[in-house]
Amino acid sequence: QWQLKESGPGLLKPSQTLSLTCTVSGGSITTAHYYWSWIRQPPGKGLEWVGYITYSGVTDYRPSLKSRTSISRDTAKNQFTLQLSNVIPEDTAVYYCARQLGYEYDYWGQGTQVTVSS
């Protein structure tokens with residue numbers, strides 16, 4: 001059974017860098033052909049894809065966030081990490097990590113609240 005769990009700080013000030021890690025268990029993040037995504041949900045809004053890193057290490061990001069976003073992985077620890085630089089209050093959201101296969105997100109973490117406030 002695959003499990004994903006997010007970890008990272010919940011409160012940041014504007015201009016700081018958000019760093020969230022997703023620890024995956026039940027299988028390897030290098031297993032073909034899974035994509036490992038970050039998704040967020042701002043308060044009162046729908047889910048918003050942030051970006052992904054594939055089983056082979058290829059990344060892609062939401063265009064509006066691309067200049068501030070980086071996703072990396074540690075295959076030895078079976079983790080992938082989101083970094084979002086220069087955060088603003090509009091980055092406040094519940095952040096989820098999820099496994100994607102094709103067009104389906106089939107496993108999700110429980111989500112972690114991130115609040116950006118001065």
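User: Which residues do ring pairs link into a cluster with Trp 2?

Analyst: This is a predicted model, where local features need pLDDT of at least 70, side-chain atom pairs count only at pLDDT 80 or more, and totals for chains, interfaces and linings use all residues. Residues are numbered from 1 along each chain as its sequence is written, and side-chain values use heavy atoms, leaving out hydrogens and water. Rings of Phe, Tyr and Trp (its six-membered ring) pair if their centres lie within 6.5 Å. Such pairs join Trp 2 to Tyr 34, Trp 36, Trp 38 and Phe 80.

User: How many aromatic pairs does the whole structure hold, and is the one between Trp 2 and Trp 36 stacked or tilted?

Analyst: The search finds nine aromatic pairs. The ring centres of Trp 2 and Trp 36 are 5.6 Å apart with planes at 40°. Planes under 30 degrees apart count as stacked, over 60 as edge-to-face and the rest as tilted, so Trp 2 and Trp 36 are tilted.

User: Over which rings does Arg 99 sit?

Analyst: A charge sits over a ring if NZ of Lys or CZ of Arg is within 6 Å of the ring centre and within 35 degrees of the ring normal. Arg 99 lies 4.7 Å from the ring centre of Trp 2. Its charged end is 3.8 Å from the ring centre of Tyr 34. The rings are those of Trp 2 and Tyr 34.
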